[in-house]
Amino acid sequence: MDRDVIPCSDGAGEIVAVGATVTRFKVSDRVIPTFFQIWIDGLPPKNRGALGAPLDGTLAEFVCLHEDGWVAMPKSLSFEEAATLPCAGPTAWNGLMRGTPVKPGDTVLCLGTGGVSMFALQFARAAGARVIVTSSSDEKIERARKLGASHGVNYKTHPDWEKEVLKLTDGRGVDCVIENGGIGTLARSFECVGWGGKVSLIGVLAGREGKANPHNLMFKSASLHGIGVGSRASLEQLIEAIEINQIKPVIDRVFPFDQAPDAFALQASGNYLGKIAIRF
Ligand SMILES: NC(=O)c1ccc[n+]([C@@H]2O[C@H](COP(=O)([O-])OP(=O)(O)OC[C@H]3O[C@@H](n4cnc5c(N)ncnc54)[C@H](OP(=O)(O)O)[C@@H]3O)[C@@H](O)[C@H]2O)c1
């Protein structure tokens with residue numbers, strides 16, 4: 001970036017003014033922005049422009065966007081809860097639903113207990129799947145179990161966590177991996193994905209450099225999908241799922257606006273589960 005930008009891609013708020021030609025929304029409607037401002041559905045357009053970079057983001061009192069870059073906020077959620085959806089929501093949703101969608105009886109492995117993983121946990125459970133999480137913390141595994149995970153594997157005390165995952169699935173492996181680690185965890189995900197399963201490549205938490213040989217995906221007819229958040233349509237789909245299943249996003253802490261730097265410090269510490277919110 002060659003300029004300073006307003007940070008954050010997530011948010012929720014109320015419309016205070018609309019342009020003369022706007023038809024999708026009116027003043028006082030409650031809305032959330034889409035992460036990519038001009039990706040409505042189907043294949044992503046070039047230069048789709050994400051909030052926070054390269055576009056100015058949402059850590060602001062007023063935000064001015066094209067009407068196509070907003071969706072109606074779920075009625076069942078507070079502003080803070082709804083504000084967690086735009087980035088991690090479609091990412092988790094597409095991680096589960098792209099390619100062969102997760103179905104009842106499947107097993108989903110979520111790496112870590114951050115925002116993407118906790119949404120994936122909740123959506124997978126709503127789809128009837130069993131969920132295993134990995135975490136650096138036994139306490140967070142307990143919290144994830146209370147949210148519906150059936151098992152957790154501590155990747156600090158079990159650095160070969162893929163073997164534990166294989167044991168938990170009687171050697172069969174999982175149907176879907178929410179791969180938040182990236183190249184640092186990918187080889188282990190390839191080991192514990194099961195026959196016909198998929199690895200949804202999402203994050204870079206375990207580094208950006210390294211080697212992972214996809215050879216054994218071939219013998220398992222398994223696949224690797226790159227996930228890049230998602231379209232407005234996928235955000236609207238997951239909002240339906242949230243309302244029908246009464247899902248509440250997992251928020252670890254809410255900070256007042258003037259303590260926003262503390263919210264970023266908490267995120268950098270890794271000492272949280274799910275999402276962190278900032279209230280204006
Ligand atoms: N491709 C996309 O469209 C997309 C969209 C959103 C986010 N992302 C990326 O996806 C990743 C997850 O996003 P997020 O918002 O969920 O992040 P987050 O909320 O910051 O998640 C942080 C958590 O990830 C876990 N973690 C850290 N290092 C790990 C490792 N080596 N192995 C396994 N887990 C590890 C930790 O969980 P424990 O404390 O439980 O160990 C940590 O608390 C990030 O890399 C983010 O940049 C990609």
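Which helices each supply at least two residues of the lining of the second largest pocket? They are α2 (88-97) and α8 (232-245).

## Before we start

This is a predicted model, where local features need pLDDT of at least 70, side-chain atom pairs count only at pLDDT 80 or more, and totals for chains, interfaces and linings use all residues. Residues are numbered from 1 along each chain as its sequence is written, and side-chain values use heavy atoms, with hydrogens and water left out.

Helices (H or I, at least four residues) and strands (E, at least two) are DSSP runs, numbered from the N terminus.

## The second largest pocket

Back to that pocket: its volume is about 310 Å³. A pocket here is an open set of points on a 1 Å grid over the protein atoms alone, with protein on both sides within 12 Å along at least five of seven lines. Grid points are joined across faces, edges and corners, and a volume is the space filled by probe spheres set on the points.

The lining counts 19 residues, and W39, G42, N94, R98 and S231 are the ones nearest the centre. Lining residues have an atom within 4 Å of a point. By class, the lining holds 8 nonpolar, 8 polar and 3 charged residues. (Ala, Val, Leu, Ile, Met, Phe, Trp, Tyr, Cys and Pro count as nonpolar, Asp, Glu, Lys and Arg as charged, and the others, Gly among them, as polar.)

A cavity is a set of points where a 1.4 Å probe fits but cannot get out. Counting those of 30 Å³ or more gives 1 cavity. The largest cavity contains about 40 Å³ of space.

Which residues line the largest cavity? They are T34, F35, F36, W39, P86, P90, G230, S231, R232 and L235. Sorted by class, that makes 6 nonpolar, 3 polar and 1 charged.

## α2 and its two partners

Let's look at how α2 packs. The axes of α2 and α8 come within 9 Å and cross at roughly 85°. Axes are lines fitted to C-alpha atoms, for helices over the stretch in contact, and angles run from 0 to 180 degrees between N-to-C directions. So α2 and α8 are roughly perpendicular to each other. (Angles under 35 degrees count as roughly parallel, over 145 as roughly antiparallel, 65 to 115 as roughly perpendicular and the rest as oblique.) On the α2 side, G89, P90, W93 and N94 meet S234, L235, Q237, L238 and A241 of α8, where contact means heavy atoms within 4.5 Å. These residues split into 5 nonpolar, 4 polar and no charged.

With helix α3 (residues 115-126), the axis of α2 comes within 8 Å and crosses at roughly 55°. That is why α2 and α3 are oblique to each other. A88, G89, T91, A92, W93 and L96 of α2 touch G115, V116, F119, A120, F123 and A124 of α3. The contact has 9 nonpolar, 3 polar and no charged residues.

## α5 alongside α6

Helix α5 (residues 161-168) and helix α6 (residues 183-192) have axes 9 Å apart, at an angle of about 20°. That makes α5 roughly parallel to α6. From α5, W161, E162, V165 and L166 meet T185, R188, S189, E191 and C192 of α6. This contact has 4 nonpolar, 2 polar and 3 charged residues.

Most residues other than glycine have a negative phi, and most peptide bonds are trans. Two spots here are worth a look. A53 and P54 are joined by a cis peptide bond, with omega about 10°, and P54 sits in the loop between β2 (30-33) and β3 (70-72). C8, in the segment before β1 (13-14), has a positive phi near 85°.
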